[in-house]
Amino acid sequence: NNIELHEAWDLYKSIITERAEKIEAKVASVVRSAAEKVAREAAAATSKSSNEKDKDGISDLDHENDEEDQHEEDYECRTNIVRLERMIMQIDFTLLSSRSFLICIEQNFDPRNLFPLPYHDHEDRATVQTTSNHSNNHGKNYVKPIHEHIKIIVTTLYDKYISVIDTPTETTERDDIIGLYGLYCLYRRLVPSNNAPDDKLHKALCTNRNLPLISLFGTIPFLPIDFLSTYAPLEIARGMRMRIRTPSKNEILEDAKVVLDKQKKIFSSKAIISELYDECFAWTFKAENDLAPSERINDSVLFEPTTSSSTYSYTQQNTFITPFHQRSQATELIEYKTDLILQGVRIGRRATLLLRNFLFYHSSLCVSLESRYIPVIEMLCSIAKSVDKTLRQRRRSCVVSIHKAALKVIATSIFDCFDKLRSYIDERSVDHGKDAEDHVLISNVSTSLWALESILKGTSAFSPSRRYAIEVAIQSCCQENFDCFSSDDIKSIQNLLQKLKLLSEIDDNIIQACDCSFLYFHKEIYPTLVKYVYQSSQHLQAGRMQLIMSAFSDASPMLISSTYFDTPSSNTPLYLEQYLSFVIKDIFHEAFLLPLCLEIESSLRLLLFAKNVDEMKPPNPRKQKFDDLRKYIDMPPLYFCGIIIYTKRAIQRYLERSFYNFSTVGICDSKTYADMAILGREIYGLDLMDNNLPAENARGVDIIEILENVDSFASKYNYNLNQQNFVERKMNNEGSKYLKTLGIESISHSLQRHGLCIATSLMKEIHRCLQKHFQQLLQIFSNDFFRSLLSKESRSFEQEKRDQGCTKTYSFERAMLLRKEIVKLNERDQRDTAAEELFFLDLCKEHVTMIGNMVGLARLIRSSKMYTKNQLNQYLYKSECGSNPNNHHTGKAKEEESDVLHTLVHDFKHVMTADNID
């Protein structure tokens, strides 16, 4: 059918191409004739009449030739279209009607009547029976019919496949057995109608309780009993009673449920899965170390014998067998690395088979998947994609470098297994003339050995046809009983052939072994799987999320090959677009990114509240580990179906958008979200952009905060007289990495934001506070004892100053004596009022500092108002000649002001005119 489709497509393209070429040729001829006509019209007027006659004759001949060519082209085109219609009808009858397999087994296998027809009477039957008995007794001329050969092949392969299925060595036997059922149907079609088929084989194929269902593709089940009852029912044999009871569909479903229960026990106990996971972990560790990039191995040193002093050796369970040659160090190294690669392929295939069969039986029996199996499913996906990532990405160079050398080592190992047979044939070939049959036998085996040697040593690339030729040659050498091969030798040769098959197509085998494209048909488990990975972040690595996404992205080649497009101009298949939208937008963002962003935002909010609110305790680092979230932020980008997902960028964009939205709702909270952004940078390494809103965090302290409590501001800030700014003052027990400042630009920004009138309100509040502190300071000096003590000290200092001159200074000893007197005075009078519990000097210093800060604040507001006015002056103009006419802002402001005034005057006149009319 594939060949028919290609032939029909080629014919269709040839028809379209020929038609287009003909149209282009006609257009070119028309253009050429038009150019010739123009050239002829430019000829001389004297030869006009004769030229017109010649031109008419030539044009008539050209027209007749064009008509003949057109008839031939139309006939050829109609013939091709008829052929195309027949091909389309044939494809519709075979492929689209699902009759391909039926036509294949019902075709005539003897179109030239080269073989005798089956006998139908007793005379022919007796003759054939006599001939058969004679052949069996004297037997070397008897040839089995082809259906008996097919029966032997089906029986042998079926026993081989069944013995391997559900074992750790299973590869593609579960898929190959479907083709075996088709081969059995061919056997049934070839069996003569008067011969009864093998009922034991039919019973074995129908009643296999360990394999009631087979995954054909995705969730489409293959039921052997339905297939056999359709294409090879047992009732077609004449003269045979029905001795086999065909199981019903209910019995098949019961067998499938039993198989599913066994799989549930495996997934529930986790013994096999844990063992496979440990094996994968150990294999990954060895592969990362032993499959590291190394020097390229030269083929000439592959088979050099090892010296006695060499200590370099490898021991593996499945190493190659070369019994008659000593291996060199390079050969042992290649064998070890090849076994390591094939071991990884086996581990990945085992994981995918367990997962595919488990999900397939759930979907086929319509059984809901329990959430307790999600950890096991995640573990199997991680195993398969870990092997795939190791062999196809991280250690790809090693796999490529040893590929040819490993094939050559395997080929040499296979050839060395026949050394004993070659020696035996050489000895027997000396006296081959004594027996003719022995001569033919020796010749056949010698030819097979020669063919085997030429194939194994003649190439380093083993295609399927060459591998089949090797197997045929080996079968020809081993089928005769020469007592040269033991059972262990036969098994060793079979193992080498299996390794040759796997390694010759290593890339395809790795992809097939680790392929998880079947998860596309079970994508409903993806939300639960993502939630489990996110919630289990304490004992799972963040890189496991990439393994899960890689497993679900294996379906992209299948979806890309789809021709279902949304629009004709679309370049991406709609199936793939829908799958991307489901996985990334609907599931990954909702189940992973959004909870992660919310948790990070909540942690930042709690940390900020613990810093600013005294009642809240700071988080305990032992109980709340920020590393669990940090590893998701710092993990590499995630890849899914060719799309790169940056987790850190997505979190940053979410927090920036969230902080901006909350800041616009409440502009007073913008400082809080700015602090949260700073915490996010320190704890999680998030580089959040500034929202550029006119908030306090951008320009320092806002003037509204100062107006609400001027005393609090004056007590928490110190005024710098030289630079005219305020710096936050921290107590000894208040640790902080940052200090707030307030300068002219900050006040100017607040004035531009709130208006210049806010400065008047602030000045009134400053005057009120100054009045209050002056009154408290006067109240301190109104104490008689304190005032008398200061007056006494003042008079004493003035007297000493007059006696000793103007250079007299107040000594430190004198000041300490005065302080002691004030302390005694404070201890005596501390019970009078509550305000006098503090030290007199401290009270004075506090009030003087507050007064100085308030005066400095008033000065700062005055300077900020002047700075703001100067900034606005560039947008204003003056009508005097002293103004700067070259100022761009002045000219633009003048034009805009003129337009506004003109509009206002025009509107005012229009309104006044309308009022007069009314």
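## Aromatic contacts in the predicted model

Let's start with a cluster: ring pairs join Phe101, Tyr181, Phe222, Phe227 and Tyr231. Rings of Phe, Tyr and Trp (its six-membered ring) pair if their centres lie within 6.5 Å; planes under 30 degrees apart count as stacked, over 60 as edge-to-face and the rest as tilted. The model is predicted, so local features need pLDDT of at least 70 and side-chain atom pairs count only at pLDDT 80 or more, while totals for chains, interfaces and linings use all residues. Residues are numbered from 1 along each chain as its sequence is written, and side-chain values use heavy atoms, leaving out hydrogens and water.

The structure holds 24 aromatic pairs. Two of them are set out here.

| Pair | Centre distance | Plane angle | Class |
|---|---|---|---|
| Phe101 and Tyr231 | 5.0 Å | 85° | edge-to-face |
| Tyr526 and Phe552 | 4.6 Å | 65° | edge-to-face |

Phe101 belongs to helix 3 (residues 100-105) and Tyr231 to helix 8 (residues 224-231), so their pair ties together parts 130 residues apart in sequence. Helices here are DSSP runs (H or I, at least four residues), numbered from the N terminus. Tyr526 in helix 20 (residues 526-535) and Phe552 in helix 21 (residues 544-552) also link distant parts of the chain, 26 residues apart.

How accessible are these rings' residues? Phe101 is partly exposed at 27% relative accessibility, whereas Tyr526 is buried at 0% and Phe552 is buried at 1%. Buried means under 20% relative accessible area, exposed over 50% and partly exposed in between (1.4 Å probe, protein chains only).

Note on methods: Helices (H or I, at least four residues) and strands (E, at least two) are DSSP runs, numbered from the N terminus.
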